[in-house]
Amino acid sequence: MAESPSDVFTKISNKEASAGQWMIVSFDAKKKLAVDATGEGFESLNKALDDAKCAWVCFNVHGVDVRENVQSVRTKLVQYNWVGDKVPSMKKMQALSGKPKVAKLFKGIACTFDINSKEDISAKEIVSKLCASGGAHKPTYYAFGNDEKIDLEFYAAENK
């Protein structure tokens, strides 16, 4: 039996979950949220998006702060509201009607993106939005899983 969307969300949103864990959900034939795919890493997530579907993504990104004596990790959950560019006009309304149900499932989202094309999103855009929504203290880098990361260089000598 397939795992429920809430069980998968609990796994990927757990602060012990590895960076880059993601899930894609959409409505099944009974108009219930169902898990379409899970995986790890920004690249694999973009490959899993279906141009002919309306779907929602939750993506676990880690803000990693490395100091002399300690390393801290903060889990940041990123949501995509995905409407593929090959979705028929009448089905695009499903994306709007599904947002409240998805909001009940995806708790603790740090930032959200409405996207229609895989080119609409990049790891750098995610980092930019996470930095804008965070406080004054910035992590050393953001980890996206599968050794994908973006170093903020905020604490580099030339930025002090």
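1. Start with Glu119. This residue sits in the loop between strand E5 (109–115) and helix H4 (123–133). Helices (H or I, at least four residues) and strands (E, at least two) are DSSP runs, numbered from the N terminus. Glu119 is exposed, at 68% relative accessible area. Here, buried means under 20% relative accessible area, exposed over 50%, and partly exposed in between (1.4 Å probe, protein chains only).

2. A word on the source. This is a predicted model: local features need pLDDT of at least 70, side-chain atom pairs count only at pLDDT 80 or more, and totals for chains, interfaces and linings use all residues. Residues are numbered from 1 along each chain as its sequence is written, and side-chain values use heavy atoms, with hydrogens and water left out.

3. Next, the surface charge. Asp85, Glu119, Asp120 and Glu125 form a negative surface patch. Patch residues have over 30% relative accessible area and no salt bridge, and like charges are joined within 9 Å. Asp and Glu count as negative.

4. Now the inside. The largest nonpolar core has 24 residues. Such a core is a set of buried Ala, Val, Leu, Ile, Met, Phe, Trp, Tyr and Cys residues joined through side-chain atoms within 4.5 Å. Phe42, Phe59, Val61, Val78, Tyr80, Ile126 and Phe144 touch the most other members. Two or more residues come from each of strand E1 (21–27), helix H2 (42–48), strand E3 (54–66), strand E4 (71–83), E5 and H4. H4 gives the most, with five residues.

5. How many salt bridges does a search of the whole structure find? There are four. A salt bridge is a side-chain nitrogen of Lys or Arg within 4 Å of a carboxyl oxygen of Asp or Glu. One of them joins Glu3 and Lys11, at 2.4 Å from N to O. Glu3 is partly exposed at 41% relative accessible area, while Lys11 is exposed at 52%.

6. Lys53 pairs with Asp36 in another salt bridge, with the closest N and O atoms 3.0 Å apart. This pair links distant parts of the chain, 17 residues apart. Lys53 lies in the loop between H2 and E3, and Asp36 in strand E2 (residues 33–40). Both ends are partly exposed: Lys53 at 28% relative accessibility, Asp36 at 35%.

7. Is Asp65 buried or exposed? Asp65 is buried, with a relative accessible area of 6%. Asp65 forms a salt bridge with Arg67, the closest N and O atoms being 3.3 Å apart. Arg67 is partly exposed, at 38%.

Key:
Patch = residues over 30% accessible without salt bridge, like charges linked within 9 Å, V, L, I, M, F, W, Y side chains within 5 Å. Areas by Shrake-Rupley, 256 points an atom, 1.4 Å probe, with all protein chains shown as cover. Charge placed at Lys NZ, Arg CZ, Asp CG, Glu CD.
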